[in-house]
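Let's take a look at how two chains meet and what spaces they leave. Here is the structure to keep beside you as you read.

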There are 2 protein chains.
Amino acid sequence: MKTAIITIGDEILIGQIVDTNSAWMSKKLTEAGYEVEEKISIGDNAQQIKDTIKDAFERVDVILTTGGIGPTKDDITKKTLCEYFGTELVFDESVLANINHVISNFTTLNPLTRDQAYVPKDCTVIQNKVGTAPITWFEKGEKVLVSMPGVPYEMKYNMENEIIPRLQTKYNAEAYVSQVLLVGGYTESNLAIHLTDFENNLPEGFGLAYLPSPRLMKLRLFVKGEQRTRELENEVLKLKTLLGDAILAEKDIPLEKILGERLSEKNLTLGTAESCTGGYIAHLITTIPGSSTYFKGSIVSYSNEIKCNVLNVSESNLIEYGAVSESVVLEMAKGAQKTLNVDCVIAVSGIAGPDGGSDDKPVGTVWIATAIKDKIEAKRYQFGKYREANIIGASNTGLLQLLRMIKD
Amino acid sequence: MKTAIITIGDEILIGQIVDTNSAWMSKKLTEAGYEVEEKISIGDNAQQIKDTIKDAFERVDVILTTGGIGPTKDDITKKTLCEYFGTELVFDESVLANINHVISNFTTLNPLTRDQAYVPKDCTVIQNKVGTAPITWFEKGEKVLVSMPGVPYEMKYNMENEIIPRLQTKYNAEAYVSQVLLVGGYTESNLAIHLTDFENNLPEGFGLAYLPSPRLMKLRLFVKGEQRTRELENEVLKLKTLLGDAILAEKDIPLEKILGERLSEKNLTLGTAESCTGGYIAHLITTIPGSSTYFKGSIVSYSNEIKCNVLNVSESNLIEYGAVSESVVLEMAKGAQKTLNVDCVIAVSGIAGPDGGSDDKPVGTVWIATAIKDKIEAKRYQFGKYREANIIGASNTGLLQLLRMIKD
């Protein structure tokens with residue numbers, strides 16, 4: 001069974017929003033063993049919506065659409081689907097009841113929200129338990145189209161609880177079996193050269209994909225069909241021999257989750273002291289549910305004053321070596337260990353840019369100190385010119401440096 | 001002139017990465033007055049690449065592709081474009097020279113990187129000054145296809161410095177004129193009802209788009225043609241009269257940037273005390289270049305111990321009212337004001353979920369205190385069930401609450 005994802009909305013085509021929905025949907029569909037053939041983004045334009053659906057149905061069995069079913073004038077998907085499937089909008093009391101339930105604890109019904117209870121006559125209506133726009137499921141011969149809201153958490157809730165389960169009862173899929181390895185310390189081409197022979201000798205049907213991410217490579221080895229799982233395991237063993245310690249994790253999970261698992265295993269607590277990363281490391285760590293069991297907190301010491309007053313960094317070191325220096329980042333780590341009363345610390349001080357660089361410390365210069373109890377180490381890194389990339393790169397590198405230290 | 005963006009890569013279709021490139025490209029193309037007709041994501045599959053290009057060229061004049069031109073086996077775009085345009089790969093010494101220049105300061109040439117100097121014979125090669133994969137520009141009759149790397153900063157640099165300027169010499173465009181207003185305090189449907197008459201009386205060709213984001217509405221009023229700028233201004237004036245104080249900003253900039261501008265105007269310094277938002281507010285604030293002039297730092301007090309030891313929250317209040325309470329969040333704000341020595345504070349304590357909820361304080365319960373010098377206020381909010389949405393929603397609401405307080 002092949003699927004296409006169609007995201008509808010002018011705001012996508014003018015680049016006002018980043019479409020994060022389709023990536024999340026693709027991941028869930030792939031995990032469920034369904035192949036995503038293509039993803040298409042189009043505008044709030046009736047003719048384009050109908051043409052795109054028609055074309056896509058020539059290539060796929062299932063189309064999932066998001067967007068355009070809100071209460072406002074620019075939301076035309078529901079009406080357009082009625083035209084495409086040759087049906088009409090009818091008022092549905094059960095949808096109205098659901099809408100009233102959903103909004104009950106924060107607002108009251110207004111006419112536009114009430115109109116969301118109009119649904120296409122010839123379709124299966126799926127009540128949206130977390131929003132006011134109903135989900136509609138159309139079948140035309142063997143083909144299926146599901147229209148859902150573009151609001152991310154509404155889409156996610158309904159994909160997981162309603163749509164994927166219903167797809168699974170209708171189509172049984174031959175899942176891909178795959179294994180992701182997170183690899184540190186290689187550039188993409190160096191890793192590819194290191195694995196040339198391995199790749200050339202892969203069994204029929206196997207694929208190896210390289211996904212570079214800041215300071216990290218994701219390798220994905222994959223083949224279609226559960227029955228090839230043992231073969232996959234054999235190939236993974238070969239990879240492990242070839243990569244050894246460079247392998248940071250054997251599943252596609254974020255560094256902050258790997259770190260959390262290691263800390264929990266070893267009953268270690270964690271805190272951060274952040275200057276140029278501005279709290280982003282703490283944010284990454286706290287995106288993980290249950291992180292409160294090992295993460296106690298963070299001091300974001302953006303100003304030198306806070307480095308001194310809260311982290312006890314010595315003013316003389318700040319004057320002599322500057323905030324972006326080995327001695328200051330070491331003091332930040334020790335200070336955070338004491339102030340936050342934690343076993344492990346990631347401390348970062350650097351120049352994110354675009355301004356603040358100098359000849360000996362250009363934009364992208366970052367010092368990172370990591371500490372585990374009385375062990376402590378500091379390293380200097382050179383990132384690029386781009387503020388956002390430097391914040392993300394420095395954060396990942398900080399997590400990586402502590403992970404390595406825990407490993408040893 | 002109509003354009004299509006085609007992003008190529010299995011990692012997009014399996015949802016391993018979020019395609020942020022196409023949103024950025026759409027924004028730049030729209031600003032330049034070019035209409036993005038559609039965005040398509042497909043896999044590293046030669047036949048699919050050729051079919052998709054062929055179909056898209058029936059609807060658009062210019063196709064921009066990203067991805068699949070890296071050094072590894074799964075990068076097949078360059079070879080496939082040769083097949084599509086009926087040409088062959090030839091080695092280009094000038095590309096090799098550029099590659100050597102680009103990598104000179106961090107690595108040495110290896111065979112795979114050297115092979116990136118093979119380029120299609122019949123195309124215009126654009127040297128990639130920030131990466132090793134050359135950009136290729138194909139022309140077929142009146143149609144243009146440009147193939148560029150998927151690495152975001154490489155794509156961005158080349159779009160701004162090479163591709164858009166070249167498109168502008170080839171096609172003159174009638175730009176859209178538009179105005180974005182950020183509006184607080186309305187749900188999408190309440191705002192739409194409030195603006196019904198305004199929308200119905202808009203001049204021919206005008207459009208009004210609603211973009212909901214957590215706790216905030218973006219309104220975009222637009223019309224094609226520079227010559228209609230005065231008309232647009234008149235309509236914007238009407239909107240301002242209708243919305244008054246609900247308008248937070250008259251351009252599409254993030255809340256954290258608006259807040260930064262207000263703080264700079266008033267020479268106020270800022271810090272945050274974050275529990276459930278885990279540093280995300282500090283991160284948002286520090287994504288803005290120059291934020292160090294008003295933002296001094298943050299205490300991420302994830303554990304109660306840190307609330308007491310660093311923010312001087314009284315243990316008795318924690319025991320009597322719990323961490324998620326008015327009295328504790330007020331103490332957090334005052335404590336941060338003192339510890340960080342700042343004028344303004346955003347303090348947040350809540351239950352992000354999925355666990356930790358109770359009957360009187362379900363998941364999504366968040367207390368936010370904002371302080372400006374000796375003025376302080378605390379409000380209780382009820383968000384949803386989803387950790388990620390709660391962290392983002394609480395962060396935006398905190399910024400919003402302080403913005404409102406500054407306004408008054």
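On a 1 Å grid over the protein atoms alone, a cavity is a set of points where a 1.4 Å probe fits but cannot get out, while a pocket is an open set with protein on both sides within 12 Å along at least five of seven lines; lining residues have an atom within 4 Å of a point. Points are joined across faces, edges and corners, and a volume is the space filled by probe spheres set on them.

This is a predicted model, where local features need pLDDT of at least 70 and side-chain atom pairs need 80 or more, though totals for chains, interfaces and linings use all residues. Residues are numbered from 1 along each chain, chains are lettered from A in the order written, and side-chain values use heavy atoms, without hydrogens or water.

**Cavities**

- There are four cavities of 30 Å³ or more in the structure.
- Two or more lining residues each come from helix H2 (21-31) and strand S2 (35-42) of chain A, and from strand S1 (2-8) and strand S2 (35-42) of chain B; helices (H or I, at least four residues) and strands (E, at least two) are DSSP runs numbered from the N terminus.
- The second largest cavity has a volume of about 40 Å³, and Leu248(A), Arg262(A), Leu403(A), Arg404(A) and Lys407(A) line it.

**Where the chains meet**

- Chain A and chain B each put 84 residues into the contact (heavy atoms within 4.5 Å).
- About 6,600 Å² is buried between chain A and chain B, with carbon and sulfur atoms giving 58%; buried area is the accessible area (1.4 Å probe) that two parts lose on being put together, summed over both.
- The rule finds five salt bridges across the interface, that is, a side-chain nitrogen of Lys or Arg within 4 Å of a carboxyl oxygen of Asp or Glu.
- Lys156(A) and Glu388(B) join their side chains in a salt bridge, at 3.1 Å from N to O.

**The second largest pocket**

- This pocket has a volume of about 1,100 Å³.
- Among its 44 lining residues, Glu37(A), Leu13(B), Gly43(B), Asn45(B) and Gln48(B) are the closest to the centre.
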